[in-house]
Amino acid sequence: MNMNMFISLQWLENCTNLSYVLAFSLLISFLVMSLLMSKSKTKKNLPPSPPKLPFIGHMHKLGVYPHHSLHKLAQQYGPLMFLKLGSVNTLVVSSAEAASEIMKTHDLVFCDRPKSNVNKKLLYDFKDVSVAPYGEYWRQMRSICVLQLLSNKRVQGFRIVREEESALLVKKIKERSPEAVNLSELFMTLTNDVVSRAAFGRKYSGGESGEKFRKLMKEFVGILGGFDFGTFLPSLAWIDRVSGLEAKVDRVAREMDEFLEGVVEEHLDSHKRVKELLGDKVENENREDFVDVLLGIYKQDMVDGFSIDRDGIKALIVDIFAGGTDTTYTVLEWAMTELLRHPGAMKKLQNEARGITKSKNEIVCEDDLDKMHYLKAVIKETLRLHPPIPLLVPRQAREDVVVMGYDVGAGTMVITNGWAIGRDPEIWDDAEEFKPERFLNSSIDFKGHDFGLIPFGSGRRGCPGISFAMATNELVLANVVREFDWELPNGAKGDHLDMTECTGLTIHRKVPLFAVATSNTS
Ligand code: HEM
């Protein structure tokens, strides 16, 4: 064997050894990595979770009234519970402490919204505020809503609208007395009228088209935020087609779009007509309504790097209609329901309202409301027991985070059970009882600082419409109890009142509330 050959063989041997070494170390690294990965997987400390079924996970646990079913489950599994809704990781939050972790301590992590197929179609590809992804677009849209419509100053400016509409409601009830009136219907029309007059310059509830719009809005909020297979179990998306849900969503989205196009066109037309009559000087007139402001931004193309397109305008209008009407009237409906079931509370509130006005024929006006402590307590107690959106609006985690010692992964959907928190016996004495007095000497409020009472959510994505909604609720309730004595039709007793809730995102009464009014002033 010559020297060269020896070197080659030696080299070959070295190479073979080297390959062995390399293969061996790769194998070891692979094993170590797999071990580490499996360890890190098993090490994830997820919140407690009930047993689940293959494929659908915990979907079968939601039942007809998810806020009730989730409350029951939370009593067993705790205030932070992990569920698998189809393929969607879900965190259910059921205590004030846990809610504060989500909406205060980790608000920035949880300020996104999950995306659903239904919301995508109904809300113009998430171009509104309520489901827009967290970011600059959402920030700008929200600030337009607040500055132009929902700030305390703006809400004060719509005082005349609320006072006129409350007076009109009282008149309507008087005219129908002693027949039973459908309070649910009357409250819905009133809130719709207040919102449309304040935001869009006129009412949309009158005549045949008004009736059609109300029906459409009911369908819209009925399916908004609802369940669809495509979102939770994408491989079963075909069921949405077969069941007719997809066709229904498409129809409601199309009909709503036609209505909203009408609102936009009407405003563009009236701009044109006013401009023809008065020239350019009217553009900045302060009689502009919300749609006018949106159209102003739309026409400017880009303001501070932000622009809004026509779909964005329509998405915002629908947010205001859907977010502002259904929720607000629900408070009035449940407040009157509870007052009819609790004649003592009704009497106290009537005495307060009747004591506030100087003469019998005067209506309660907004200046009087600050002195009406019992009224405010009745509304808080109603919101505690009947939060209009019991599961609030779902949030989504933007990144991995640890909450109360549990791992929560990025993309996890968060459902906060505001209804369960409002009935938590750890926070509330006689939690199931309607007792407005509990709020009389208490500083607890619903504005998002007291996590035991969060009907409007809290934090960055908390409801911006609190002042708008409360101004209407307080004034209407005060006047309706001041002006009339109330009883149930056919001498029925309050405790026989059907308390069944409807299903959907906003929970109002399943059967409308009928009651008989007798004027206290005639
Ligand atoms: C009693 C009446 C109302 C209730 C109970 C209510 C409840 C809520 C809740 C629970 C949220 C989600 C909060 C969160 O994620 O933390 C929300 C968001 C929202 N609400 Fe309200 N709301 C009411 C009235 C209104 C009114 C009158 C308007 C407007 C006219 C409005 C507009 C909105 C909007 C635009 C959002 C989305 C905010 C965002 O994602 O940034 N709401 N509301």
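Which helix gives the most residues to the shell around the ligand? In this predicted model, where local features need pLDDT of at least 70, side-chain atom pairs count only at pLDDT 80 or more and totals for chains, interfaces and linings use all residues, that helix is H14, with six residues. Residues are numbered from 1 along each chain as its sequence is written, and side-chain values use heavy atoms, with hydrogens and water left out.

The ligand is surrounded by 28 residues (a heavy atom within 4 Å), and the closest are Arg 113, Trp 138, Arg 142, Arg 395 and Cys 463.

Helix H5 (136–150), helix H14 (310–341) and H18 are the elements that give two or more residues to the shell, helices being DSSP runs of H or I with at least four residues, numbered from the N terminus.

Cys 463, which an unreviewed UniProt entry lists under "binding site", is found in the loop between helix H17 (418–422) and helix H18 (466–483). Cys 463 is partly exposed, because its relative accessible area of 35% falls between the limits for buried (under 20%) and exposed (over 50%), taken with a 1.4 Å probe and protein chains only. Beyond its neighbours within four places in sequence, Cys 463 is in contact (heavy atoms within 4.5 Å) with Arg 142 and Phe 456.

Across the protein, buried residues make up 50% of the 522 residues.

Conventions
UniProt positions are given in the numbering used here, feature names are shortened, and annotations may be inferred rather than shown by experiment.
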